Amino acid sequence: MHSIAALALFLAAGAGPIAGEHARPRDAAEKAADRSDKMICKRFTKTGSLVDSVRVCKTKGEWQRDRDNLRNSAASGACGQPTLNGC
């Protein structure tokens, strides 16, 4: 009886990750104190897919410029002017 319990404990302790369960390294988080030339990679899931993704690497300054451009384009209307009265 002891040998069966010992064998079960041995097998449970030596069991690795389940098939298909791989630890994927996380992309580095962007911090305010980082240098503007630090390379930061982010992973984006492709639209319409649950598993397919694309990894985009840019410097911190490039990510900031993209955010600023997105904010500026969202704040202006179709004519490039602030959205008060339209065109």
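Analyst: A disulfide is counted when a pair of cysteine sulfur atoms lies within 2.5 Å. Searching the whole structure by that rule gives one disulfide, which joins Cys 41 to Cys 57 with an S to S distance of 2.1 Å. The link of Cys 41 and Cys 57 is right-handed, with 110° about the S-S bond. Because Cys 41 lies in strand 1 and Cys 57 in strand 2, the pair ties together parts that are 16 residues apart in sequence. Strands here are DSSP runs of E with at least two residues, helices are runs of H or I with at least four, and both are numbered from the N terminus.

User: What kind of model is this, and how are residues numbered?

Analyst: This is a predicted model, in which local features need pLDDT of at least 70 and side-chain atom pairs count only at pLDDT 80 or more, while totals for chains, interfaces and linings use all residues. Residues are numbered from 1 along each chain as its sequence is written, and side-chain values use heavy atoms, with hydrogens and water left out.

User: How many salt bridges does a search of the whole structure find?

Analyst: As a general idea, side chains of opposite charge can pair when their charged atoms come close. The rule asks for a side-chain nitrogen of Lys or Arg within 4 Å of a carboxyl oxygen of Asp or Glu, and the search finds four such salt bridges. Among them is the one between Asp 66 and Lys 58, whose closest N and O atoms are 2.2 Å apart; Asp 66 is partly exposed at 27% relative accessibility, and Lys 58 is partly exposed at 22%. Another joins Arg 35 to Asp 37 at 3.0 Å, with Arg 35 exposed at 55% and Asp 37 exposed at 51%.

User: How many aromatic pairs are there, and what lies over the face of Trp 63?

Analyst: Rings of Phe, Tyr and Trp (its six-membered ring) pair if their centres lie within 6.5 Å, with planes under 30 degrees apart counted as stacked, over 60 as edge-to-face and the rest as tilted. The count comes to one aromatic pair: Phe 44 and Trp 63 are tilted, at 6.2 Å centre to centre and 45° between the planes. The pair links distant parts of the chain, with Phe 44 in strand 1 and Trp 63 in helix 2 (residues 60-75), 19 residues apart. Trp 63 is buried, with a relative accessible area of 8%, whereas Phe 44 is partly exposed at 39%.

A charge sits over a ring if NZ of Lys or CZ of Arg is within 6 Å of the ring centre and within 35 degrees of the ring normal. Lys 42 lies over the face of Trp 63 at 4.4 Å from the ring centre, and Lys 58 lies over the face of Trp 63 at 4.9 Å.

Methods. Buried < 20%, exposed > 50% of the residue type's maximum accessible area, 1.4 Å probe, protein only.
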